[in-house]
Amino acid sequence: MTAGGPVPEALEKLLAKGTDNALLRMGLALAYHRRGELERARGHVEEALRHQPGFAAAGRLRGLIALEQGEPAVAAEAFAQALDAAQRQGERQLERELAVRLKRLQPPASTAHTK
């Protein structure tokens with residue numbers, strides 16, 4: 001890893017040697033996301049979630065990528081699943097962040113008053 005984060009080429013070598021797990025896939029997803037390679041990042045984050053369905057941080061990244069790709073409904077679903085996982089795992093900081101992200105994706109409440 002460099003100061004800027006993981007180098008995807010080094011992580012891809014580990015994958016090619018047969019290592020495949022949620023943490024490796026998350027590292028690859030983060031590295032490609034940082035480079036703006038959203039489709040590659042999305043593929044790796046999906047694999048991370050396949051390995052470990054309750055991986056709250058991977059769910060968060062899945063939501064962020066979906067937002068960047070213009071898919072707010074997919075992002076909301078990913079954030080909701082990640083929030084559930086974060087609550088189960090006691091990850092309070094991530095839980096707060098995900099709750100805020102979900103709230104921002106909700107349509108504003110109507111301010112019209114009925115008579």
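What covers the buried residues of α3? These close-ups come from a predicted model, and the first one takes up that question.

**Close-up 1. The buried side of helix α3.** Look along α3, residues 38-51, and pick out its buried residues: L38, A41, R42, H44, V45, A48 and L49. The cover over them includes α1 (8-16), α2 (22-35), α4 and α5. Wondering how such a pattern comes about? An α-helix has 3.6 residues a turn, so residues three or four places apart point the same way.

**Close-up 2. The length of helix α3.** With 14 residues at 1.5 Å a residue, α3 should span 20 Å, and its end C-alpha atoms do sit 20 Å apart, so the two agree.

Close-up 3. Zoom in on H44, which belongs to helix α3. H44 has a relative accessible area of 9%, and because buried means under 20%, it counts as buried. Skip the neighbours within four places in sequence, and H44 still touches E12, L15, R25, L28, A29 and Y32.

**Close-up 4. Helix α4 against helix α5.** Now move to α4 (residues 56-68) and α5 (residues 72-89), whose axes come within 8 Å and cross at roughly 165 degrees. That angle is over 145 degrees, so α4 is roughly antiparallel to α5. The crossing of α4 past α5 is left-handed.

**Close-up 5. Who meets whom between α4 and α5.** On the α4 side, the residues in contact include A56, L64 and L67. Their partners in α5 include V74, F79 and A82. Sort the residues of this contact and you get 12 nonpolar, four polar and two charged.

Key: Residues are numbered from 1 along each chain as its sequence is written. This is a predicted model: local features need pLDDT of at least 70, side-chain atom pairs count only at pLDDT 80 or more; totals for chains, interfaces and linings use all residues. Side-chain values use heavy atoms; hydrogens and water are left out. Axes are lines fitted to C-alpha atoms, for helices over the stretch in contact, and angles run from 0 to 180 degrees between N-to-C directions. Helices (H or I, at least four residues) and strands (E, at least two) are DSSP runs, numbered from the N terminus. Angles under 35 degrees count as roughly parallel, over 145 as roughly antiparallel, 65 to 115 as roughly perpendicular and the rest as oblique. A crossing is left-handed if the near helix is turned anticlockwise from the far one by less than a right angle, and right-handed if clockwise. Contact means heavy atoms within 4.5 Å. Ala, Val, Leu, Ile, Met, Phe, Trp, Tyr, Cys and Pro count as nonpolar, Asp, Glu, Lys and Arg as charged, and the others, Gly among them, as polar. Buried means under 20% relative accessible area, exposed over 50%, partly exposed in between (1.4 Å probe, protein chains only). The expected span of a helix is 1.5 Å times one less than its number of residues.
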